[in-house]
Amino acid sequence: MKTNTAAADAGNLIMTGVLLMLLGDLLFALNDAMGKWLVASFAVGQVLVIRSVGAFIVLGPMILRQGPMALFRVEQKGLQFIRVLMATVDVALFYAAVAYLPLADVMTFYMAGPIYIAALSHFFLGEKIGWRRWLAVLIGFAGVVIALRPSTAMLSLPSLFGLAGSLAFALSLVMSRYLRSTSDTTLVTWQTIAALLTGIVLSIGHWQPATLIDWSGMLLLGIVASCAHLLITRSLKLAPASLLAPLQYTLLLWAIVLGYLFFNDIPDTQIIVGAAIIVVAGLFIFHRKNLKETVPVEAVPPDGH
């Protein structure tokens with residue numbers, strides 16, 4: 001009886017983890033849609049500043065509970081700096097890209113993150129991957145090229161923003177591999193501080209007056225992103241990462257739905273084909289890794305944008 005009860009409890013925890021992951025992904029998609037709406041009227045720097053202030057509404061109590069001095073007791077400060085830098089580049093370039101491209105297009109580039117991680121882990125983390133996963137990596141890159149549209153548009157600045165941002169995103173996750181012992185509060189706080197400082201610099205000469213609704217939207221952007229991060233972090237403590245990782249691809253589905261509802265964007269054939277190839281390649285990489293070992297927490301993107 002006790003065994004059955006324990007199994008039922010474990011099953012409930014896993015189901016809760018799955019639901020939290022799905023809800024977190026939905027909030028990240030809403031965050032991305034809100035960001036696209038805001039950067040259409042305001043400079044990226046201004047959005048970053050107010051977004052960061054909004055994030056501290058959520059982070060503030062967590063920092064106080066942890067103790068402010070804990071923010072300075074971190075391991076490997078050099079890697080911490082690189083991770084913060086990559087995370088900041090990721091967020092800034094994401095907003096720069098969605099200012100000009102449909103949400104689904106940019107999200108397609110970001111869904112290639114696990115594919116980049118597989119390749120980068122081989123070179124920077126010494127993780128060996130077999131020929132099947134290398135083939136999946138190459139196929140995934142082919143999907144990215146298709147999504148980029150192999151033409152002169154492939155070299156458009158917004159597309160390059162999306163591509164570079166997704167690479168920075170993958171690098172920030174690889175850096176997280178070395179920093180597992182650092183608390184989530186510390187990691188997110190320094191990331192938020194860096195985004196705030198970057199926003200201040202980028203907004204110089206570009207600050208615009210805004211209505212109360214606009215200010216509220218930018219603050220809400222930070223609150224939604226922080227809540228989404230916390231939901232996903234909690235989900236990873238309740239359910240196996242190998243089960244949760246593929247659920248990240250629901251972000252692409254939400255991006256298509258929200259892009260159509262709010263911006264009347266309909267993905268073209270090349271984006272759909274490229275996205276399908278990326279998703280299949282990414283799921284295969286997760287599947288092969290599950291056969292070898294448990295998918296690490298770092299393989300699951302901890303935050304959207």
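## Where α3 meets α8

In this predicted model, Gln80, Arg83, Val84, Ala87 and Thr88 in α3 meet Leu187, Trp190, Gln191, Ala194, Ala195 and Thr198 in α8, where contact means heavy atoms within 4.5 Å. By class, this contact of α3 with α8 has six nonpolar, four polar and one charged residues (Ala, Val, Leu, Ile, Met, Phe, Trp, Tyr, Cys and Pro count as nonpolar, Asp, Glu, Lys and Arg as charged, and the others, Gly among them, as polar). Helices here are DSSP runs of H or I with at least four residues, numbered from the N terminus.

The axes of α3 and α8 come within 9 Å and cross at roughly 55°; axes are lines fitted to C-alpha atoms, for helices over the stretch in contact, and angles run from 0 to 180 degrees between N-to-C directions. α3 and α8 are therefore oblique to each other, a word for angles that are not under 35 degrees (roughly parallel), over 145 (roughly antiparallel) or 65 to 115 (roughly perpendicular).

## The second largest pocket

The second largest pocket has a volume of about 320 Å³, a volume being the space filled by probe spheres set on grid points that are joined across faces, edges and corners. On a 1 Å grid over the protein atoms alone, a pocket is an open set of points where a 1.4 Å probe fits, with protein on both sides within 12 Å along at least five of seven lines, and lining residues have an atom within 4 Å of a point.

Of the 15 lining residues, Phe81, Val84, Leu85, Trp190 and Ala194 are the closest to the centre of this pocket. Both α3 (77-98) and α8 (184-203) supply at least two residues of the lining, and the largest share, eight residues, comes from α3. By class, the lining has 11 nonpolar, three polar and one charged residues.

## Other partners of α3

With helix α4 (residues 103-110), the axis of α3 comes within 9 Å and crosses at roughly 150°. Here Asp90, Phe94, Ala97 and Val98 in α3 meet Leu103, Val106, Met107 and Tyr110 in α4, and this contact has seven nonpolar, no polar and one charged residues.

Helix α2 (residues 44-66) packs with α3 at an angle of about 130°, their axes 10 Å apart, and α2 and α3 are therefore oblique to each other.

## Notes on the model

Residues are numbered from 1 along each chain as its sequence is written, and side-chain values use heavy atoms, with hydrogens and water left out. Local features need pLDDT of at least 70 and side-chain atom pairs count only at pLDDT 80 or more, while totals for chains, interfaces and linings use all residues.
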